[in-house]
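Hello,

Here is the structure I promised to pass on.

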Amino acid sequence: MSRLTIPTREDAPAKSQPLLAAVEKQLGVVPNLFRLVGTSPAALEGYLGLNGALGHTLDAKTRERIALAIAQANGCDYCLSAHTYLGLNLAKIDDAEIALNRAGRSGDAKADAAVVFARKVLEARGHVSDADVAAVRLAGFSEAQVIEIVASVAVNVLTNYINNVAETDIDFPVVQAAQAA
């Protein structure tokens, strides 16, 4: 059971209601994460704004691969469950690729550069080497996309930490960090 109260959609703060309605329109449901974050309208607005903006830049497969790598590293079962589901069903990533992503890798050379860089950003707390930046750029990522990879790490760390603190009830098929590839 979650350590923090996950309000029903109807019990969320009034300022979160239109944001949660937009989530429901997009996804067809309002997952527990969004209702939990919605207890703070400011946090929900910030999360949705950054996450939405990144959805217009990096492709869905890259975003899901990064999310899986970061969730695994942070031991976030909620995010692993959600992003495994989204990776399989939305981004159309297969099981073998998901296992590689959880291990901080990819079977696709360009995606591998992004995922490896994302994990290095996380592990080094942003203090990556010149060689790390050069490698991701050599793989074909622009400077703007390097920033977007870093922002993707940050937005995933945010949700990982919220879910780890709250021990959010998982409303996706359950995947556990202990099952690392």
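Predicted model: local features only at pLDDT ≥ 70, side-chain atom pairs only at ≥ 80, totals over all residues.

**Helix H1 against helix H3**

Start with helix H1 (residues 17-27) and helix H3 (residues 41-54), whose axes come within 10 Å and cross at roughly 40 degrees. The crossing of H1 with H3 is left-handed.

Which residues in H1 and H3 meet? From H1 come Leu-19, Leu-20 and Val-23. From H3 come Pro-41, Leu-44, Glu-45 and Leu-48. Sorted by class, this contact has six nonpolar residues, one charged and no polar.

**Helix H4 against helix H9**

Now go to helix H4 (residues 60-74) and helix H9 (residues 143-166). Their axes come within 9 Å and cross at roughly 45 degrees. That angle makes H4 oblique to H9. Is the crossing of H4 and H9 left-handed or right-handed? H4 passes H9 in a right-handed crossing.

On the H4 side, look for Ile-66, Ala-67, Ile-70, Ala-71 and Asn-74. They meet a set of residues in H9: Ile-149, Ser-152, Val-153, Asn-156, Val-157, Asn-160, Tyr-161 and Asn-164. By class, the contact of H4 with H9 divides into eight nonpolar residues, five polar and no charged.

**To recap**

H1 crosses H3 left-handed, while H4 crosses H9 right-handed. The H1 contact with H3 includes one charged residue; the H4 contact with H9 has no charged residues.

Best wishes

How values were computed
Residues numbered from 1 in each chain as written. Heavy atoms only, no water. Axes fitted to C-alpha atoms, helices over the stretch in contact; angles between N-to-C directions. Helix = DSSP H or I, 4+ residues; strand = E, 2+ residues; numbered from the N terminus. Left-handed = near helix turned anticlockwise from the far one by under 90°. Contact = heavy atoms within 4.5 Å. Nonpolar A, V, L, I, M, F, W, Y, C, P; charged D, E, K, R; others polar. Parallel < 35°, antiparallel > 145°, perpendicular 65-115°, else oblique.
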